[in-house]
Amino acid sequence: MQRLLRKYGTKTGRYLAAGICLIVVCITGLSAQNTDLQLPLYTLTPAENPDDNRFNAFIFQDSKKLTWIGSMSGVYRYDGLKMKLYKTDGKTTDDNVQSDFFEDNATNIWFSVYQGIVCYDRRRDSLFTYKVYDETGAPLEINYRIIHLEAATGTMYLRAGTFLCSFNIHDKKSRILTATASQQYGVRTDTAGKVTEILTLPTREAVDMELHKITSAETPPQSSFFPVSADVGDAFPGEGREWILRDRQQILSFDPSREIKQKVLFSKPGYEFIDADVPSAGVLPVTVKDRGLLLLDLKNKQPDGGLSSNEFPTTYKEYLHLTGDSMVWLSEPNQGLQYGRLRPRMFHRMFSEVLNGDFSVQSLAVNKDYAVAAIEKNLLLLKDKATGENLRLSTEGVVHQVKIYRGKIFVITTEGVLLFDEKKKALTAVANRTAGNAFYGLIPLKNGRILLSSYSGMSEIFRADNGKYYIDACPEFSDISNFVFNFGIETTDRKLYLPHESTDLWIYDTDKNLRDKKILKTGRTLFSLTESEQEKGVLLAGTDKGVLKIIGDSLLLPVTDVENRLSGKAVYGIAEDAAGTLWPGTDKGLFEYNPQTGLARQYEEIDGLCDNKFALYESCAKDENGSIYMGTNGGALHFRPAEVRPYSVPPGIFVSSLLLNDAEQVVNAAGLAELTLDYAQNTLLFDIRAVGYYKPERTKITYRLIGYEETPVTIDNGQQIRYAKLPPGRYTLTAQATDDNGKRSPEYRLDLSITPPYYLTWWFFLLALAFVALLFYGFYLNRVAKIKKEEERKSAMAELKFQASDNEMKALRAQMNPHFLFNSMNSIRALILEEDNLNASEYLSKFSTLLRSILKNSELNLVLLSEETKTLELYLELESLRFADDFKFRIDIDPSIDTDFVRIPPLIMQPFVENAVWHGLLPKKNADKLLHISIVRREDFLICEIEDNGVGRDYKFADKQTTTEHTSMGIDITRKRLESLYPENRMEIIDLRDDRGRALGTKVLLTLFAPE
């Protein structure tokens, strides 16, 4: 079984080139043994089954950045946050992964188990098993191991049973190429990715190494045999025809074209090489038993003929894997996995040469010569910055604090105050504790005084004339017996700040012998004080609730970042670099706070820190070069702020699953670019994952359903997105992942369409509209028919009325008042008898013209105004002749009226003119008789005014009844004619009177509609 756990054949190299190139770039000058690199690692166990850590030697990262991990119980898919276990489809009894993983052009994943070939179908999110068949058509049942997959052609090379075979992933046809007993292989491909050589490594059954030249997937290979070490476990193609081999004791070069085919590239006493992975850019990664990762430079040979190397100690030292994005994976049988990225070291651990393992720093100080750390277990560690020499000194008591003042290193312990003697490289006592007393903190002042805190009050360290130090009481604090402080600071403006009762600051003026005191209550527990070099008069305080700015000894201003990362963190020490950036050490790691942008970035153990919890009180310092030194619960570190750069690869993003109505699983949710759903499938549950391996729990996902949401929404990685009862329509779901350092994934987009029910579709609306339109049209036709019929009825009635009226008028016109005709004829006869032939002839001529005009116009509804006025003139002239010029008349027409264009009803004014002559003018006794007819235009109307100065309508005729009836009938007929022609026509009769009410005549106004 241990043999099966080994990794066989070549590692899949689709994404390795970029990763290894990054490693090579990081390793600047391997020949110089550069160790300024680090490999911080995560430890991983399956989330769904934490008891099964039996990972084997096969790990692969696909094009979606998902990692596939082989195990004894199946294959795991890992996205940086969660693991999902897949098992085969039941056609095999063994789920133990037996080969590397390969991705085809459809992004499906291929691997093998002992009893067959397995394909992860991404569209269906399931595993499917296939077999290879021999010449008889019988399936080969066991010993499957995929060697290589040509993604472009779909040709797979594998071992099945005791044969080297080819298998086409498209048509599932297989072919046996040659017999083989080996279980370990190396593969060489050409620039197009086609296999050219397969190297089979020796086993217990086959002691020789076989080199198979491949010409096609259908023809048997050309094979050659070479003796080689039986311990060879890995083979990788090198330059030309060279192969790089790894066995337990050495790294070999094998070239079948050379006379001496094998030579040793690297070996070292006590080194046992466990595993190796594909070399790239001339670097071969190897794991060494009990040591960890080893990088060998295959190009830069050392003078002794060996290879340059770099070692990185790790906890897991068995199997090695390199995947995309330069990920390094290490595994141990039954232990799980560790993974991380090889990167430049930003944070340097101090004193690891003299003190193995983790250690808690109590206090830390630094100057141009020394970096000093006080360790709680009675230890003092010093580093000579010039020589790099490390010293380890023991103390009698537990070290509370270490201070450097004017080049002297003071150490305060529970047993007394010590001074470091540079010449003797030893500690000498300045003062020992007395009964009931213990020293706690030391603060040197710029005026040369050195204050010392103790349980019995404040003391002071003095220096005697002989150069020795002694301790005496501090006079300014003689009345304070319980003032014990761990830290304090004197600023450049000669002010001393001492914490009291954890939350208060006592402020003294050191130029005035500490006599005057000011108390500032902060309301927070104080852990450290740092004077800002960028903001004058500002003190930076580390508190239990973040960083607090103290301005002018009175204003308290909390430092907040835009994402509130620092809020609530216990800040134990603060350093400020030359650019004004703050570096608070907290109980949750180290933060980098930029005051200009308000952004705070967090660094933890995975970034190279000794520990995520920093040490309390005096454990933060900065030297003259700007390097920062800090103590943690896991050791001391230093770093140069300019060299600290967050390192991460942009995360990926994919849809792990999509449920409809919380029940129906959508197939191939991860590969969908567009999706059309029925209106009843309108509750969607998306499981969108950010795929990343750097602090994945802090990666955020920002999404928006365009067409439904106005603004994007941000959630934590692993949260699901649910939309309930989406209305029909077209939407676009966009999502993007952002990791802890602000690196963003490519944008995910899914075009989503929810079809409406038939009664909300456009065609249904169109049909309904057409139906409604048809109904309205039918109603319209029916209504039009009814209106038309009603109008026809009304028109017929109006026509009958008009005809009746017209007939009446014709009859009226025909009779023209019989006595007028009779009298006119008598007048003509009288003129003839009197032999007044000239007047008789004129009278007869006018009378005949009048009759012709009346007869001509009797059949017309409208006549020209010019003709109508001529008819009126003839009539009036005849009446005037008949009555011997007993009255006068005048007709006035507005010049703006075109009488040859405007038409009016024929004889419409004649009845009123006749009434004016007969009933108005003729009964009048005096000779001043006048009839005035005027016609003017007002917009679309003609105003016809007939005015006489006769006796009026009140005059009593002898033949009253006949006259009244004749007048009323004429007026009524005229009114009906007017209304039947145009409803707008109007008739008005006005009685004219003087101031005393006496009749002055009659005026008739006819308003006729006659638009131009």
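The structure is a prediction in which local features need a pLDDT of at least 70 and side-chain atom pairs count only at pLDDT 80 or more, while totals for chains, interfaces and linings use all residues. Residues are numbered from 1 along each chain as its sequence is written, and side-chain values use heavy atoms, with hydrogens and water left out.

**Confidence**

**Strands and sheets**

Helices (H or I, at least four residues) and strands (E, at least two) are DSSP runs, numbered from the N terminus, and two strands are said to pair if DSSP finds at least two bridges between them. Strands of a sheet pair through backbone hydrogen bonds, either parallel or antiparallel.

Strand 5 and strand 6 form a hairpin with four residues between the strands, in which Gly80 takes a positive phi near 100 degrees. Within the pairing of these strands, Tyr76 has Leu85 in strand 6 as its bridge partner.

Four strands in the order 19-20-21-22 make up an open sheet with antiparallel pairing. Strand 19 (234-237) and strand 22 (262-266) each have a single partner strand, so one side of each is left without a neighbour in the sheet. From one strand to the next the twist averages 30 degrees, where axes are lines fitted to C-alpha atoms, for helices over the stretch in contact, and angles run from 0 to 180 degrees between N-to-C directions. Ile251 has Phe266 in strand 22 as its bridge partner.

Another open sheet of four strands has the order 44-45-46-47, again with antiparallel pairing. Its edges are strand 44 (489-490) and strand 47 (517-521), each of which pairs on one side only. In strand 47, Lys517 stands opposite Tyr508.

| Strand | Partner | Bridges |
|---|---|---|
| Strand 5 (residues 74-78) | Strand 6 (residues 83-86) | four bridges |
| Strand 21 (residues 251-254) | Strand 22 | four bridges |
| Strand 46 (residues 504-509) | Strand 47 | five bridges |

**Helix packing**

Helix 4 (residues 837-857) packs against helix 5 (residues 865-882) at an angle of about 145 degrees, with their axes 10 Å apart. Helix 4 passes helix 5 in a left-handed crossing, a term used if the near helix is turned anticlockwise from the far one by less than a right angle, with right-handed used if clockwise. Among the residues that meet are Tyr843, Phe847, Leu850 and Ile854 in helix 4, and Leu874, Leu878 and Leu881 in helix 5. The residues of this contact divide into eight nonpolar, four polar and five charged, where Ala, Val, Leu, Ile, Met, Phe, Trp, Tyr, Cys and Pro count as nonpolar, Asp, Glu, Lys and Arg as charged, and the others, Gly among them, as polar.

Helix 5 also packs against helix 6 (residues 910-921), at an angle of about 20 degrees and with their axes 11 Å apart. That angle makes helix 5 roughly parallel to helix 6, a label given to angles under 35 degrees. Helix 5 passes helix 6 in a right-handed crossing. In this contact Leu872, Tyr875, Leu876, Glu879 and Arg882 of helix 5 meet Gln910, Val913, Glu914, Val917 and Trp918 of helix 6, and by class the contact has six nonpolar, one polar and three charged residues.

Notes
Contact means heavy atoms within 4.5 Å. Angles under 35 degrees count as roughly parallel, over 145 as roughly antiparallel, 65 to 115 as roughly perpendicular and the rest as oblique.
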